[in-house]
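Subject: Two-chain model, handover and findings

Hello,

Here is the structure I said I would pass on. My notes follow below it.

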Amino acid sequence: MSDKIIQKQDLPDFLKSLKKTYEVFAPIKENGFHRFKPLKGEENIDLNFTNTRLSPKSLLFPQSERMFEFNLDEKSADANIVKEAPKDYPPAVIFGIRPCDAKALRVMNVNFDNPEFRDPWWVRRMESMTFVGLGCNEPSSTCFCTSVGSGPFNEEGLDVLLFDLGERFLARTLTDKGEKLLDEAGVKKDADSAIKKKADALKEESEKKISSKVPTDKLKEKKVNDLFNAPFWDDVAFACINCGTCTFLCPTCWCFDIQDEITKKQGDRIRNWDSCMFPLFTLHASGHNPRPEKVQRVRQRFMHKLKYYGDKYNNGVACVGCGRCVKYCPVNIDIREVFKLMNDL
Amino acid sequence: MIEYVDKIREIAKKILEEKTVDVIIGFKKGTLPLMTEPTLINDAEKTDQLYWSSFCNMNLANYLPKRKEKIGIIAKGCDSRNIAVHIVENQIKREQLYIIGVPCKGMVDRRKIISFLDGKEVKEIIESDADITVKGKGFEHTLKKDDYLQDNCRTCMHRNPVIYDTMVGDLVEERKDPDPYDDVKEIEEMGSEERWGFFSNLVKDCIRCYACRNACPLCYCPTCFVDESDPQWVGKSIDHTDTMTFHILRAYHCAGRCTDCGACQQACPIDINVRYFTRKLNKDVLALFNSEAGLSIEERPPLDTYRPDDYDKFIR
Ligand code: SF4
Ligand code: SF4
Ligand code: SF4
Ligand code: SF4
Ligand code: SF4
């Protein structure tokens with residue numbers, strides 16, 4: 001593909017021209033933290049962030065999504081018929097997504113789009129979106145992407161990768177979608193070899209800055225039962241308050257619950273994020289709960305991410321090392337420590 | 001506060017060795033400079049894992065309900081009050097506990113430090129009695145702890161544990177008459193619509209993760225009303241009505257029981273100060289019943305008692 005140049009001073013114009021064709025989502029700082037929001041003007045974008053507090057997964061997999069609607073009015077012709085809730089999928093750009101989060105969407109993709117099942121909403125959104133990544137010049141001390149198959153300038157899941165070189169961005173197109181996007185925005189100037197060299201050096205330098213490493217090499221060969229029955233779970237789980245912080249902030253957690261909500265005769269079938277940390281997650285209609293205590297729920301979260309996912313999909317671990325759960329767990333349960341415990345059991 | 005560490009370890013070791021208790025609930029050093037992790041120690045040899053700093057912001061009383069063994073628990077002022085609430089509400093027995101009181105000089109709010117640093121990352125901290133030095137790439141600042149305390153700690157009037165079996169240091173002087181309710185009064189003065197707007201705005205980004213509820217020692221119900229599925233009282237989506245229902249109802253369940261320990265606010269991953277809900281109720285309970293939660297293990301919380309001489313006619 002190709003390496004182009006976008007001058008920083010031209011960024012507002014670039015975004016403006018994108019907005020002619022696309023809905024643009026970008027990191028915006030509000031109430032003290034960054035998150036992806038639709039860009040209204042070009043002025044409120046803020047690229048001075050290590051990562052957004054909430055991951056961009058909600059753009060493809062919203063916390064609450066109306067899937068179907070139905071009408072319970074017997075008098076109406078379509079009574080009791082469940083219909084897909086109308087939605088549109090305008091072309092959209094996720095601008096400034098970090099490489100770990102782009103990789104996370106690939107991790108989730110095996111769940112939502114596979115030979116057995118294709119989640120229609122996920123698939124259509126994936127198709128309608130173009131991902132313009134922003135490499136990380138200053139990774140945080142909690143970033144461990146390089147240990148889990150990604151990196152501060154990893155290309156997986158991206159259509160364009162931006163290298164922040166001070167005055168300008170080098171924009172590396174990685175797919176046809178990416179080519180098309182830069183084309184439409186009128187980005188023509190090619191990067192010369194000196195600039196390309198700078199970009200490569202930046203990448204190398206950033207990778208070296210990742211100070212946090214986790215071991216994963218032995219996870220695959222470990223027996224599920226040995227990990228499941230490992231002696232450390234009570235200790236890992238003690239502090240946990242079983243909240244939804246780690247799973248809701250995580251860019252790879254995909255679990256959901258489906259609920260019908262009815263107002264008068266009009267019903268909606270809604271899909272909501274759920275979390276394996278909640279007792280209700282596994283509660284059976286009989287009242288039996290196979291994961292009655294928090295230790296079982298904590299174990300499930302880590303076993304799913306570090307063992308079951310890899311065993312099932314042969315696709316690494318279901319953690320991209322973004323560090324959100326490390327930073328925001330209120331009681332400092334640190335997945336990096338659990339990597340060590342599980343891998344080195 | 002850091003000077004308490006040795007004392008905590010010493011006491012913990014002793015009471016485990018002497019079998020006064022089976023386990024100790026305390027804090028250990030966090031993996032991040034501004035964090036600590038609640039921990040359970042059952043081996044006298046491991047008591048050197050116990051730690052104390054100005055970032056022990058979770059409320060350890062939260063870990064008591066349903067426990068059967070004899071427990072040594074580290075308690076700052078607010079934790080001790082929540083322990084008292086638990087005792088009164090039969091969540092734990094006084095005889096089960098050996099309370100290691102920590103006279104508290106207030107917890108430092110990591111968010112205030114993070115926001116002061118505006119994106120720069122803390123790599124290391126050094127605490128002294130009144131100051132905290134934060135270091136990172138290309139910076140070093142020495143900050144006055146008092147300027148970075150959690151909001152609840154700024155106005156806390158019970159920094160010394162109210163019940164304890166031993167104390168790790170000399171009592172600290174209690175604050176004289178701070179007015180904790182300035183901002184509550186401002187909200188009271190709003191019209192009903194403006195007030196609704198204030199609270200709607202407060203929780204508009206709530207992700208219903210329930211960290212606030214789960215960090216709170218008061219929220220020990222076996223099944224919280226929002227988790228009840230048969231019947232289901234509250235919707236599960238992030239619909240505003242359901243989110244508001246959660247917060248308002250939870251706050252009412254805490255009325256007369258909340259110690260304003262701040263754990264709920266500290267736990268929220270997106271910085272929502274849910275104490276705005278509970279503090280109005282604390283203020284009212286104080287004004288109406290002259291009561292503050294957790295100051296005694298004799299008295300039941302004002303909202304679950306009945307007095308024949310109640311001044312309100314409707315209840316007599
Ligand atoms: S498990 Fe934690 S570090 Fe890993 S991807 Fe999820 S939030 Fe990020
Ligand atoms: S690990 Fe931390 S963030 Fe996750 S549920 Fe437990 S307390 Fe909450
Ligand atoms: S509320 Fe009081 S006792 Fe509790 S941490 Fe703050 S200052 Fe200490
Ligand atoms: S509601 Fe908040 S401040 Fe009050 S006791 Fe619970 S956690 Fe502490
Ligand atoms: S912790 Fe924050 S985001 Fe989570 S439910 Fe409470 S207020 Fe909402």
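What percentage of the 316 residues in chain B is made up of buried residues? Buried residues account for 56% of them, where buried means under 20% relative accessible area, exposed over 50%, and partly exposed in between (1.4 Å probe, protein chains only).

Some conventions before the rest. This is a predicted model, in which local features need pLDDT of at least 70, side-chain atom pairs count only at pLDDT 80 or more, and totals for chains, interfaces and linings use all residues. Residues are numbered from 1 along each chain as its sequence is written, chains are lettered from A and ligands numbered from 1 in the order in which they are written, and side-chain values use heavy atoms, with hydrogens and water left out.

Chain B overall

Chain B has 10 helices and nine strands; helices (H or I, at least four residues) and strands (E, at least two) are DSSP runs, numbered from the N terminus. Its radius of gyration is 20 Å, close to the 20 Å that the globule rule gives for 316 residues, so chain B is as compact as a globular protein of that length. The radius is taken over C-alpha atoms, and the rule is 2.2 Å times the number of residues to the power 0.38. The C-alpha trace of chain B spans about 55 × 50 × 45 Å along its principal axes.

Of the contacts in chain B between residues at least 6 apart in sequence, 68% join residues at least 24 apart; contact means heavy atoms within 4.5 Å. Chain B exposes about 14,700 Å², and carbon and sulfur atoms supply 50% of that (Shrake-Rupley method with a 1.4 Å probe; for residues, only the protein chains shown count as cover). Chain B carries 46 positive and 54 negative charges, whose mean positions are 3 Å apart. Lys and Arg count as positive and Asp and Glu as negative, while His and the chain ends are not counted; the place of a charge is NZ of Lys, CZ of Arg, CG of Asp or CD of Glu.

Chain B is divided into domain 1 (4-109 + 149-171 + 179-315) and domain 2 (110-148), with bounds from an automatic or database domain assignment. The contact between them takes 20 residues from domain 1 of chain B and 16 residues from domain 2 of chain B. Their C-alpha centres lie 26 Å apart.

Chain A overall

Chain A has 11 helices and 11 strands. A compact globule with 345 residues would have a radius of gyration near 20 Å, and the 22 Å of chain A agrees with this. Along the principal axes, its C-alpha atoms fill a box of roughly 65 × 65 × 40 Å. In chain A, 55% of the 345 residues count as buried. Of its contacts with a separation of 6 or more, 72% are between residues 24 or more positions apart.

The accessible surface of chain A comes to about 15,100 Å², with 50% belonging to carbon and sulfur atoms. There are 54 positive and 51 negative side chains in chain A, and the centres of the two sets lie 2 Å apart. The domain assignment of chain A gives domain 1 (2-61 + 70-208) and domain 2 (224-343). In chain A, 32 residues of domain 1 are in contact with 36 residues of domain 2, and the C-alpha centres of these domains lie 26 Å apart.

Individual residues

F169(A) lies in strand β9 (residues 168-173) of chain A and is buried, with a relative accessible area of 1%. F169(A) and Q7(A) are 162 residues apart in sequence, but 6.2 Å apart in space, C-alpha to C-alpha. Not counting residues up to four places away in sequence, F169(A) touches several residues, among them I5(A), L47(A), L134(A) and F163(A).

G136(B) is found in strand β7 (residues 131-136) of chain B. Leaving aside neighbours within four places in sequence, G136(B) is in contact with E121(B) and K123(B).

Backbone points to check

Most residues other than glycine have a negative phi, and most peptide bonds are trans. N332(A), not a glycine, has a positive phi of about 60° and is buried, at a relative accessible area of 0%. K19(B) also has phi near 60°, but counts as exposed at 70% relative accessibility. The peptide bond from D230(B) to P231(B) is cis, with omega near 0°. P231(B) is in the loop between α7 (211-215) and α8 (240-253) of chain B.

Regards
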